[in-house]
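Hi,

Here is the structure I said I would pass on. Have a look at it first, and then read my notes below.

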Amino acid sequence: MIKVSETAKKKVIELMQEDGFNPTTDFVRVGVKSGGCSGLSYDLKFDKENAEDDKVFVDNDVKIIVDKKSFLYLVGTTLEYSGGLNGTGFVFNNPNANRTCGCGESFSL
């Protein structure tokens with residue numbers, strides 16, 4: 001399960017609409033890929049379709065899809081949005097990460 005905070009929900013809906021996606025029918029695809037200064041990095045994009053092996057979640061009215069491989073790294077993660085002085089963007093609060101980089105965009109287990 002991946003959770004979505006209230007601030008992340010508002011920003012996701014806003015960005016989906018700006019990019020021509022429908023927040024009620026389309027998805028936020030969350031994934032993990034090799035790279036970043038800590039070994040693994042997060043991948044976040046919008047998608048209109050889900051593959052057969054994707055896991056589908058709905059939290060806080062946001063539809064999320066995660067590929068099977070990435071799901072193992074993301075169980076229990078909360079997607080948040082920060083608009084503070086230290087930077088603006090989505091933040092992954094991942095309980096599975098043993099170490100994260102300073103910018104929060106990569107992690108290791």
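Predicted model: local features only at pLDDT ≥ 70, side-chain atom pairs only at ≥ 80, totals over all residues.

**What I found**

Now the overall layout. The protein chain has two helices and nine strands, and from the N terminus on the elements run β-α-β-β-β-β-α-β-β-β-β. Of its 109 residues, 39% count as buried. If you take the contacts with a separation of 6 or more, residues 24 or more positions apart account for 51% of them.

Back to α1, which covers residues 6–18. Its 13 residues reach 19 Å from the first C-alpha to the last, close to the 18 Å expected at 1.5 Å a residue. The buried residues in α1 are Ala 8, Lys 9, Lys 11, Val 12 and Met 16.

The side chain of Lys 9 meets that of Asp 61 in a salt bridge, at 3.3 Å from N to O. Asp 61 sits in the loop between β4 (55–59) and β5 (62–66) while Lys 9 is in helix α1, so this pair ties together parts that are 52 residues apart in sequence.

**Other salt bridges**

A search of the whole structure finds five salt bridges. Another of them joins the side chains of Lys 48 and Asp 26, again at 3.3 Å from N to O. It links distant parts of the chain, with Lys 48 in the loop between β3 and β4 and Asp 26 in the loop between α1 and β2, 22 residues apart. Lys 48 is partly exposed at a relative accessible area of 48%, and Asp 26 is buried at 6%.

Then there is Arg 29 with Asp 47, whose side chains meet at 2.9 Å, N to O. Here the link runs from strand β2 (Arg 29) to strand β3 (Asp 47), 18 residues apart. Arg 29 is buried, with a relative accessible area of 14%, and Asp 47 is partly exposed, with 21%. Which residues do salt bridges with shared partners join into one network? They are Arg 29, Asp 47 and Asp 54.

**Aromatics**

The count of aromatic pairs comes to four. One of them is Tyr 42 with Phe 92, which is stacked, with 4.1 Å centre to centre and 10° between the planes. Tyr 42 lies in strand β3 (residues 40–47) and Phe 92 in strand β7 (residues 87–93), so the pair ties together parts that are 50 residues apart in sequence. Both Tyr 42 and Phe 92 are buried. The pair of Tyr 81 and Phe 90 is edge-to-face instead, at 5.1 Å centre to centre and 70° between the planes. Phe 90 is partly exposed, with a relative accessible area of 25%.

Lys 55 lies over the face of its ring, 5.2 Å from the ring centre. Phe 71 and Val 32 are 39 residues apart in sequence, yet 8.4 Å apart in space, C-alpha to C-alpha. Val 32 is found in strand β2 (residues 27–34) and counts as buried at 16% relative accessibility.

**The core**

The largest nonpolar core has 20 residues, and those with the most contacts inside it are Val 28, Val 30, Val 62, Ile 64, Val 66 and Leu 74. Elements giving two or more residues to this core are α1, β2, β3, β5, α2 (68–74) and β6 (78–84). To see one of these residues at work, click on Val 66: leaving aside neighbours within four places in sequence, it is in contact with Ile 2, Val 30, Asp 54, Lys 55, Phe 57, Phe 71 and Leu 74.

Cheers

Methods. Residues numbered from 1 in each chain as written. Heavy atoms only, no water. Helix = DSSP H or I, 4+ residues; strand = E, 2+ residues; numbered from the N terminus. Buried < 20%, exposed > 50% of the residue type's maximum accessible area, 1.4 Å probe, protein only. Expected span 1.5 Å × (residues − 1). Phe/Tyr/Trp six-rings, centres within 6.5 Å; stacked < 30°, edge-to-face > 60°. Lys NZ or Arg CZ within 6 Å of the ring centre and 35° of its normal. Salt bridge = Lys/Arg side-chain N within 4 Å of Asp/Glu carboxyl O. Core = buried A, V, L, I, M, F, W, Y, C linked by side-chain atoms within 4.5 Å. Contact = heavy atoms within 4.5 Å.
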